[in-house]
Amino acid sequence: MSAQKKKAFQIEAFKHRVVVDPKYAEKTWKILEHAIHEIYNHNASGLSFEELYRNAYNMVLHKFGEKLYSGLVTTMTSHLKEISNSIEAAQGGLFLDELNRKWAEHNKALQMIRDILMYMDRTFIPNTHKTPVHELGLNLWRDVIIHSHAIQSRLQAILLENVRRERSGEVIDRGLMRSITKMLMDLGPSVYQDDFEKHFLEVSADFYRLESQEFIESCDCGEYLKKAERRLNEEIERVSHYLDTRSEVKITNVVETEMIESHMHRLVQMENSGLINMIVDEKYEDLGRMYCLFRRVSNGLVLIRDVMTSYIRDTGKQLLTDPERLKDPVDFVQHLLDLKDKYDKIITSAFRNDKTFQNALNSSFEYFINLNSRSPEFISLFVDDKLRKGLRGVTEEDVELLLDKVMMLFRYLQEKDVFEKYYKQHLAKRLLSGKSVSDDAERSLIVKLKTECGYQFTSKLEGMFTDMKTSQDTMQGFYASHGSDIGDGPMLSVQVLTTGSWPTQPITTCNLPAEIL
């Protein structure tokens, strides 16, 4: 049984077909070669692809894979040389059209050839570590066509010229440009990069270096930034239409370097239109554009922030040294609040609420507010003015908004205890004279101070309110029980105050009339 098995195992179907016509390989290859010629000559409709596949299959099967492969390389190379001559002969603007048309035809032919040689592609090529048919076709196109000296330099020049024309405002065939750059990408990343992208970036750097120099000499800061922004958007759009997406970072980096980074100090300091003028004139759109462009380059935002901080500090110093401003504490504090509102709006509207800018603003205000030793007193006087008369007819929301702004200035104060001293004196006068326009506003501010500084800071202020309420209740009780006895006599108002809660007052001798004595 085992002997039969062994004998059966040795029988192979191929042994009966070993006897092959000595010219079999040559004849079969001629059939396939003719088919490849017909495919490239657009006569493929009369071919039997099933029969051609079988012929290629049998050649590989009979160990003629090497002949088939080398014949394919020779035949394709021959056709591609003819195609190369045809492309080279194309004149002017027809060059790209011819190249694109021949590329499309080559891809179509390559697909048909790959279908015919599928068996070789799957067996012979992997076993011999040769290049697959489709990849081979791309490599031959690259070497014979694209890297032909006459075509390579001409293609590069035409592509770069088209980009230059488009930058100058001319309309070009973007679809054709897309097809050509995609062809370069299909041939491999290195082909796209070495044959086009590298030169594109070099030419672009030269173009923007020259253009930015022209703009900086003829435009003000706002106009320059608009032009830079437009150029940046154009390049991003160009990439989306006909360049490799990976080119976007590279070309935007070129524009940023040449148009922004190279000139950012001059732009910020530009006379009559730089950053300071934009802040003074509240040009939010221009400031926003500067922020968006400068954030794209190294240290761009640091430069804006430093210049802005320096300006705010200088402005604050001028305010503190202006004797006219210091004559009116209420007007002085109101001007501080107006300045803070202005810079807050710039940071919110133009600088995208950037926390680093907000911190720089807070630091600047804290710096110059504390240069004036009377700032705590001035802020307390401002509050006193508002709570005596300035809040009449004002909505509750506006009252809260104003108190929040006061608290913002209070946070900048380094000598908060000095503010407490003045505030306690002013509050005492308002309470004892009954001049406060709103008890709710008074209590709201104390709650805010308590939240900010803790219970100890406001305990005496709260004690003052408690005394006033106790005195009020005591007087109401007195009149309720003795009102009928007094009749139309003089009204008596007594306020009993806790000694430690109220600010100490100088004691004056009370000279009573003789009748009272």
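Helices are DSSP runs of H or I with at least four residues, numbered from the N terminus. The exercises below concern a predicted model.

**Exercise 1. Determine in which helix lysine 448 is found, and whether this residue is buried or exposed.**

Solution. 
1. Lysine 448 is found in helix H24, which covers residues 439-453.
2. Its relative accessible area is 18%. A residue counts as buried under 20%, so lysine 448 is buried.
3. With residues up to four places away in sequence left aside, lysine 448 touches Glu400, Leu403, Asp404 and Met407.

**Exercise 2. Describe how helix H9 packs against helix H10.**

Solution. 
1. Two packed helices are described by the angle between their axes and the distance between the axes.
2. H9 spans residues 149-167 and H10 spans residues 174-186; their axes come within 12 Å and cross at roughly 140 degrees. H9 is therefore oblique to H10, since only angles over 145 degrees would count as roughly antiparallel.
3. The crossing in which H9 passes H10 is left-handed.
4. From H9, the residues Leu155, Leu159, Asn162, Val163 and Glu166 take part in the contact, and they meet Arg174, Met177, Ile180 and Leu184 of H10.

**Exercise 3. Compare the span of helix H5 with the span expected at 1.5 Å a residue, and list its buried residues.**

Solution. 
1. H5 runs over residues 94-116 and has 23 residues.
2. The expected span is 1.5 Å times one less than the number of residues, which gives 33 Å for H5.
3. From its first C-alpha to its last, H5 reaches 33 Å, close to the expected value.
4. The buried residues of H5 are Phe95, Leu96, Glu98, Leu99, Lys102, Trp103, His106, Ala109, Leu110, Ile113 and Ile116.
5. As background to such a list, an α-helix has 3.6 residues a turn, so residues three or four places apart point the same way.

Key: Residues numbered from 1 in each chain as written. Predicted model: local features only at pLDDT ≥ 70, side-chain atom pairs only at ≥ 80, totals over all residues. Heavy atoms only, no water. Axes fitted to C-alpha atoms, helices over the stretch in contact; angles between N-to-C directions. Helix = DSSP H or I, 4+ residues; strand = E, 2+ residues; numbered from the N terminus. Parallel < 35°, antiparallel > 145°, perpendicular 65-115°, else oblique. Left-handed = near helix turned anticlockwise from the far one by under 90°. Contact = heavy atoms within 4.5 Å. Buried < 20%, exposed > 50% of the residue type's maximum accessible area, 1.4 Å probe, protein only.
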